[in-house]
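Work through the exercises below with the sequence and the model side by side. Try each task before reading its solution.

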Amino acid sequence: MHQEKAPAADAFATAIADEIPRLRRFARVLTRSGDAADDLVQETLLRAIAARDQFEAGTNLRAWLFTILRHARAAAARRAARSPIMPSDTLPESPVSGGQEERQAMRDVANAFRRLAHIHREALWLVVVEGLDYAEAARILNVPPGTLRSRLSRAREALRESIGAPPTPGGSEDED
């Protein structure tokens with residue numbers, strides 16, 4: 001019996017390990033701190049391993065892990081709100097190759113992204129950076145797909161406005 005479970009456990013562990021870079025990126029978006037993001041990913045991995053029996057084979061592991069990560073972040077935020085220690089709100093510069101103009105443009109986009117409302121940052125990150133479809137991202141954020149589309153539209157428009165880019169002609173780009 002142990003021999004049958006061992007390959008499945010190894011496959012599960014490998015699948016989780018493959019998602020760590022995506023978890024770290026999303027955690028950095030949520031926490032704005034490398035160390036806090038690493039702690040959040042570690043907490044997510046611990047919770048995922050402990051809840052391994054709750055994962056349904058054949059479903060989206062990434063969405064499951066992102067949901068765990070968001071719940072762990074919410075729990076950490078509640079703990080931090082009760083803590084007398086103030087967290088650091090600094091985010092190191094994003095590494096960008098290229099010249100001075102490209103770096104400044106990337107800083108402008110990164111600063112605009114940081115100024116977005118938390119709900120808009122999450123939605124934009126999951127769909128644009130992580131490449132999740134709208135249904136998966138909506139499920140992770142626990143909102144209806146229409147709400148997700150609205151958040152994406154507002155986030156994109158706020159980014160454009162913040163960096164001085166012209167609005168998209170014809171309205172919404174979120175229509176499929």
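This is a predicted model: local features need pLDDT of at least 70, side-chain atom pairs count only at pLDDT 80 or more; totals for chains, interfaces and linings use all residues.

Residues are numbered from 1 along each chain as its sequence is written, and side-chain values use heavy atoms, with hydrogens and water left out.

**Exercise 1.** Find which residues of helix α2 are buried (under 20% relative accessible area), and where they lie around the axis.

Solution. Begin with the helix, a DSSP run of H or I with at least four residues, numbered from the N terminus: α2 covers residues 34-50. Next, list its buried residues, which are G34, A37, L40, V41, T44, L45 and A48. They cover an arc (taken from the directions from the helix axis to the C-beta atoms) of only 140°, and therefore lie on the same side of α2. Finally, turn to the other side, where D35, L46 and A50 are exposed (over 50%).

**Exercise 2.** Determine how α6 and α7 are oriented to each other.

Solution. Take first the axes, which are lines fitted to C-alpha atoms over the stretch in contact, with angles running from 0 to 180 degrees between N-to-C directions. The axes of α6 (residues 134-141) and α7 (residues 145-163) are 9 Å apart, at an angle of about 95°, so the two helices are roughly perpendicular (65 to 115 degrees).

**Exercise 3.** Locate H120 and name its contacts (heavy atoms within 4.5 Å).

Solution. H120 belongs to helix α5, residues 118-129, and is buried, with a relative accessible area of 14%. Leaving aside neighbours within four places in sequence, H120 touches R151, R154 and A155.

Technical notes
Angles under 35 degrees count as roughly parallel, over 145 as roughly antiparallel, 65 to 115 as roughly perpendicular and the rest as oblique. The expected span of a helix is 1.5 Å times one less than its number of residues. Buried means under 20% relative accessible area, exposed over 50%, partly exposed in between (1.4 Å probe, protein chains only).
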